[in-house]
Amino acid sequence: MRVGFGYDVHRLVEGRALFLCGVKIPYKKGLLGHSDADVALHALIDALLGAAALGDIGQHFPDTDERFRNISSLKLLEETLAKLRECGWRIINVDLTIVAQKPKLAPFIPQMKQQLAKTLSLAEEAVNIKAKTTEGLGFTGREEGIAAYAVALIDHAP
Ligand code: MG
């Protein structure tokens with residue numbers, strides 16, 4: 001068994017759609033980035049790559065590559081899963097924490113869980129997503145950005 005950890009931050013700006021765990025969240029701002037900037041999926045991708053000792057998201061999906069401009073990060077997650085499977089790994093469970101002062105994410109967590117379970121071919125019991133604020137402190141508290149943390153446990157497929 002192997003464990004991996006991932007972390008990511010994106011800036012919140014006007015004029016962008018907000019995607020978290022592949023779910024479009026209605027909000028006046030969205031995350032800035034080369035892809036759809038889904039910070040939660042980027043943290044998860046790094047956790048999975050980390051568990052498999054396959055480096056990081058920037059090595060596999062460079063932001064200088066036009067193929068990844070505005071791409072759904074669900075596609076990047078699917079490609080990451082394929083890379084792990086090629087190496088004989090399967091996912092046991094994943095756990096994510098999204099840090100955002102606003103918007104309130106609790107109503108969207110069931111949909112996010114469903115989306116992740118579907119994309120990763122996991123039971124929903126193997127997917128956990130938590131949303132936190134920082135009680136107004138720091139860049140997330142000032143609503144300048146959203147941060148995400150993820151851990152993933154993997155083992156060799158039988
Ligand atoms: Mg990112």
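This is a predicted model: local features need pLDDT of at least 70, side-chain atom pairs count only at pLDDT 80 or more; totals for chains, interfaces and linings use all residues.
Local features require pLDDT of at least 70 and side-chain atom pairs count only at pLDDT 80 or more, whereas totals for chains, interfaces and linings use all residues. Residues are numbered from 1 along each chain as its sequence is written, and side-chain values use heavy atoms, with hydrogens and water left out.

**View 1. Length of helix α4 (residues 109-120).** Helices (H or I, at least four residues) and strands (E, at least two) are DSSP runs numbered from the N terminus. The 12 residues of α4 should span 16 Å at 1.5 Å a residue, which agrees with the 16 Å between its end C-alpha atoms; the expected span is 1.5 Å times one less than the number of residues. Just after α4, S121 adopts a positive phi of about 55°.

View 2. Buried residues (under 20% relative accessible area, 1.4 Å probe, protein chains only; exposed over 50%, partly exposed in between) in α4 are I109, M112, L116, A117, T119 and L120. They lie on the same side of α4, because they cover an arc of only 165° around the axis, taken from the directions from the helix axis to the C-beta atoms. The face turned away from this buried side carries the exposed residues P110 and K118.

**View 3. Contact of α1 with α3.** The axes, lines fitted to C-alpha atoms over the stretch in contact with angles from 0 to 180 degrees between N-to-C directions, come within 10 Å and cross at roughly 10°. The helices α1 and α3 are therefore roughly parallel to each other (angles under 35 degrees; over 145 roughly antiparallel, 65 to 115 roughly perpendicular, the rest oblique). In α1, L41, H42, L44, I45, L48 and L49 meet S73, L74, L76, L77, T80 and L84 of α3, contact meaning heavy atoms within 4.5 Å.
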